[in-house]
Amino acid sequence: MTQTYPLQAAWRFVLIATLIVVPFATHAQNIPSAQVLSRVVQEAHAKFKDVKDGAPADYIPELAKVPAELFGVAIVTARGDVYTVGDVDYAFTIQSVSKPFTAALVMQDYGSANVILEKIGVEPTGQKFNSILATQIIPQVSVNPLVNSGAIASVSLVKAKNKEERFERIMQFFERLAADKLTVIEDVYQSEAATNQRNRAHGYILFASDRIYSEPMEAVDVYTRQCSIGVSAKQLAVMGATLANSGVNPITNQRVLESKYVPKTLALMMTAGFYNESGLWAFTAGLPAKTGVGGGIVAVVPGKMAIVGFSPRVNDAGNSVRAMKAIEYISDQLGVNVFGSGR
Ligand code: DON
């Protein structure tokens with residue numbers, strides 16, 4: 001007669017439970033409690049809502065019309081829990097926050113992160129996002145995928161038969177990252193398309209140097225449309241949370257990006273996400289993040305969460321002042337600086 005000892009039964013239970021649970025497990029680790037996360041988003045919003053520094057970007061005329069007072073803060077965890085305060089449903093243009101996501105799509109399209117190294121570059125410039133000078137002094141010309149020239153080169157690398165398919169593939173990838181339907185904000189697109197002579201210059205400089213991989217004005221136009229995709233702070237936080245969760249969208253549980261491309265994408269964000277303020281950002285917040293002149297910033301805490309700030313007033317580097325302050329505050333409060341909390 002066999003006898004089942006209580007300990008054996010317990011182990012059997014653990015084994016069966018592990019077999020059932022592990023395939024569905026997220027990549028989430030040590031996520032702060034719901035109470036702590038709702039407190040920090042509330043505090044970050046309350047602390048910085050009266051900051052008036054900076055101004056909405058106006059070199060894209062339509063952007064100057066976005067209400068300057070908007071301010072939203074959102075956290076989405078790697079388990080898909082959502083914490084928000086303020087204007088988190090307002091759709092603003094993603095602008096340069098789009099750049100790391102398209103770079104990730106390119107890595108996935110070519111089945112290797114080396115495509116970025118070989119065909120674009122990865123060095124930060126210490127210069128502004130649209131610097132022509134950087135393209136002249138950095139040997140790779142395209143510089144890195146997070147400045148305009150490298151972002152235009154990224155778009156040119158997306159595998160597509162024509163312009164429509166090029167944009168559609170980017171849009172569908174972004175929608176899978178956001179777990180939501182997204183739309184282009186047409187007024188901003190038209191406004192930028194009519195005033196983007198400098199980006200066209202980037203396109204032709206890349207062309208003259210053999211560093212663009214589609215017809216150059218096609219790449220510039222698709223890049224402009226990509227920048228005009230509307231996202232809310234909440235949707236952007238889901239996009240970031242997909243990176244935090246190793247490429248699996250925590251809302252849909254679908255794998256959007258192979259996990260091996262996530263650290264490469266985050267490395268680009270850490271070194272170049274804030275252009276000429278990337279060093280300052282690493283020094284203060286210590287998180288891989290990306291800014292856009294639409295006022296959005298997404299920061300990623302690997303394995304834990306994405307933190308998004310949205311507020312249209314930007315500084316001279318094109319980075320949202322209130323969003324930077326809010327994310328920096330939350331990073332400090334949670335002790336999630338990737339270099340260590342220093343505590
Ligand atoms: O190409 C441009 O100038 C804009 N579509 C994007 C620039 C941008 O967002 C810079 N970031 N802070």
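1. How many Å separate an oxygen atom of the ligand from an N or O atom in the side chain of Y59? The distance is 2.6 Å. Please keep in mind while reading that this is a predicted model.

2. The surrounding shell holds 14 residues, and Y59, Q95, S96, E192 and Y223 are the closest of them. Sorted by class, this shell has 6 nonpolar residues, 7 polar ones and 1 charged one.

3. Two further spots around the ligand are worth a look. In the side chain of N199, an N or O atom lies 2.9 Å from an oxygen atom of the ligand. As for cover, the ligand taken alone exposes 340 Å², and the protein buries 99% of that.

4. Now for a pair of helices. Helix α3 spans residues 99–110 and helix α12 spans residues 262–272. They pack at an angle of about 145 degrees, their axes 10 Å apart, and the crossing is right-handed.

5. To find this contact in the structure, look at P100, A103, A104 and M107 on the α3 side, and at K264, T265, L268 and M269 on the α12 side. By class, the contact of α3 with α12 is made up of 6 nonpolar, 1 polar and 1 charged residues.

Technical notes
Residues numbered from 1 in each chain as written. Predicted model: local features only at pLDDT ≥ 70, side-chain atom pairs only at ≥ 80, totals over all residues. Heavy atoms only, no water. Near = heavy atom within 4 Å. Polar contact = N/O pair within 3.5 Å; in protein donor to acceptor, adjacent residues only side chain to side chain. Areas by Shrake-Rupley, 256 points an atom, 1.4 Å probe, with all protein chains shown as cover. Nonpolar A, V, L, I, M, F, W, Y, C, P; charged D, E, K, R; others polar. Axes fitted to C-alpha atoms, helices over the stretch in contact; angles between N-to-C directions. Helix = DSSP H or I, 4+ residues; strand = E, 2+ residues; numbered from the N terminus. Left-handed = near helix turned anticlockwise from the far one by under 90°. Contact = heavy atoms within 4.5 Å.
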